[in-house]
Amino acid sequence: MTLAAAFDLLREFHKRAPFLFFNGNTFAAIGRELSYALFSDLPPVRKREVGSATAHYIAGVLDRTVMVQVVESLCAAADLAPGTRVRTLRGSTHGVVLRVLEDGRIVWRTDSGTELIALPEALAAEEGGTA
Amino acid sequence: MKLRLDLLKHLTTEDVIREAEATVHRFKPEPLFSTTGTGSLSSASTQERAREVAHSTALTQSLEQRARQSGQSGTDKK
């Protein structure tokens, strides 16, 4: 079973409402805790956001597509380790990742020597990997 | 990114129950989703967001500790 299928199942259980009261928090909490455990390598703030997106999906207030987009974009932070060659999405600036801040933002140095801070979703890893 | 299936093995029912109880006030008690097709989840306050960050960090540390202990006891058995 895939992770998304597990979340689908939890959402379906919530919809069936097996309990008289408080079905939402029961199944959302299962999804949230699953996320916290599985995405343990993410920076704390991003991990919380992944858990939140999951809980909102299971609670029935977020579409599946949006939930998947949120989780995938937040996971992009984990792929940008120090030393990774990156470029801006348009490819106008190239550089190398220096460090990942606790909130998931990326400190990187452009090839021209300027040090910048960016959201990981604003950067793409270049072919060839590390610098 | 690698999913930490190794840590997931150490997640317990008690962990889930604690989180479910801590967030109960953000949910409607009635089965809204099954009757209307749209669920409900109120926004988290700044304090709650901070608590969730702290909780997720503590949970990760706790799971890693359990994994280490489990590994040790596994080694001891050998």
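Guide: Helices here are DSSP runs of H or I with at least four residues, and strands are runs of E with at least two, numbered from the N terminus. By that count, chain A has 4 helices and 5 strands. The model is a predicted one.

Visitor: How do you know in what order the elements of chain A come?

Guide: Reading from the N terminus gives α-α-α-α-β-β-β-β-β. Chain B, in contrast, has 4 helices and 0 strands, and its pattern along the sequence is α-α-α-α.

Visitor: Why is chain A described in domains, and what are their bounds?

Guide: The bounds come from an automatic or database domain assignment. Domain 1 of chain A covers 3–79, and domain 2 covers 84–130. Their C-alpha centres are 28 Å apart.

Visitor: What makes up the contact between the two domains of chain A?

Guide: Two residues are in contact if their C-beta atoms lie within 7 Å. On that criterion, 8 residues of domain 1 of chain A and 7 residues of domain 2 of chain A take part. On the domain 1 side, α3 (44–59) and α4 (64–79) of chain A supply at least two residues each. The most comes from α4(A), with 4 residues. That side of domain 1 of chain A has 5 nonpolar, 1 polar and 2 charged residues.

Visitor: How does the radius of gyration of chain A stand against that of a compact globule?

Guide: For 131 residues, a compact globule would have a radius of gyration near 14 Å, whereas chain A has 18 Å. The C-alpha atoms of chain A fill a box of roughly 60 × 25 × 25 Å along the principal axes.

Visitor: And what does the globule rule give for chain B?

Guide: A compact globule of 78 residues would come out near 12 Å, but chain B has 17 Å. The box for the C-alpha atoms of chain B is roughly 55 × 30 × 25 Å.

Visitor: What share of each chain counts as buried?

Guide: A residue is buried if 20 or more other C-beta atoms lie within 10 Å of its own. In chain A, 40% of the 131 residues count as buried. In chain B, buried residues make up 22% of the 78.

Visitor: Why is α2(A) called largely enclosed?

Guide: Of the 15 residues of α2(A), 15 are buried, so the helix is largely enclosed by the rest of the structure. Helix α2 of chain A spans residues 24–38 and reaches 21 Å from its first C-alpha to its last, close to the 21 Å expected at 1.5 Å a residue.

Visitor: Why is A:Ala17 called partly exposed?

Guide: Buried needs 20 or more other C-beta atoms within 10 Å, and exposed means 12 or fewer. A:Ala17 has 18, so it is partly exposed. A:Phe22 has 17, so the label for A:Phe22 is also partly exposed.

Visitor: What else is recorded for A:Ala17 and A:Phe22?

Guide: A:Ala17 has a positive phi of about 50 degrees although it is not a glycine. A:Phe22, not a glycine either, has a positive phi of about 50 degrees.

Visitor: What makes a set of residues a nonpolar core?

Guide: The members must be buried nonpolar residues of the listed types, joined through C-beta atoms within 7 Å. The largest such core has 27 residues, and those with the most contacts inside it are A:Ala28, A:Ala37, A:Val50 and A:Ile58. Two or more residues come from each of α1 (3–16), α2, α3 and α4 of chain A and from α4 of chain B. The largest share, 8 residues, is from α2(A). Another core, of 6 residues, lies apart from it and includes A:Val86 and A:Trp108.

Visitor: Which residues does A:Ile58 touch?

Guide: Leaving out residues up to four places away in sequence, A:Ile58 touches A:Phe7, A:Leu10, A:Arg11, A:His14, A:Phe27, A:Ala28 and A:Gly31.

Visitor: How many residues of each chain are in contact with the other chain?

Guide: The contact involves 31 residues of chain B and 34 residues of chain A. On the chain B side, α4(B) gives the most, with 8 residues. That side of chain B divides into 16 nonpolar, 8 polar and 7 charged residues.

Methods: Residues numbered from 1 in each chain as written. Chains lettered and ligands numbered in written order. Predicted model: local features only at pLDDT ≥ 70, side-chain atom pairs only at ≥ 80, totals over all residues. Nonpolar A, V, L, I, M, F, W, Y, C, P; charged D, E, K, R; others polar. Expected span 1.5 Å × (residues − 1). Rg over C-alpha atoms; globule rule 2.2 N^0.38 Å.
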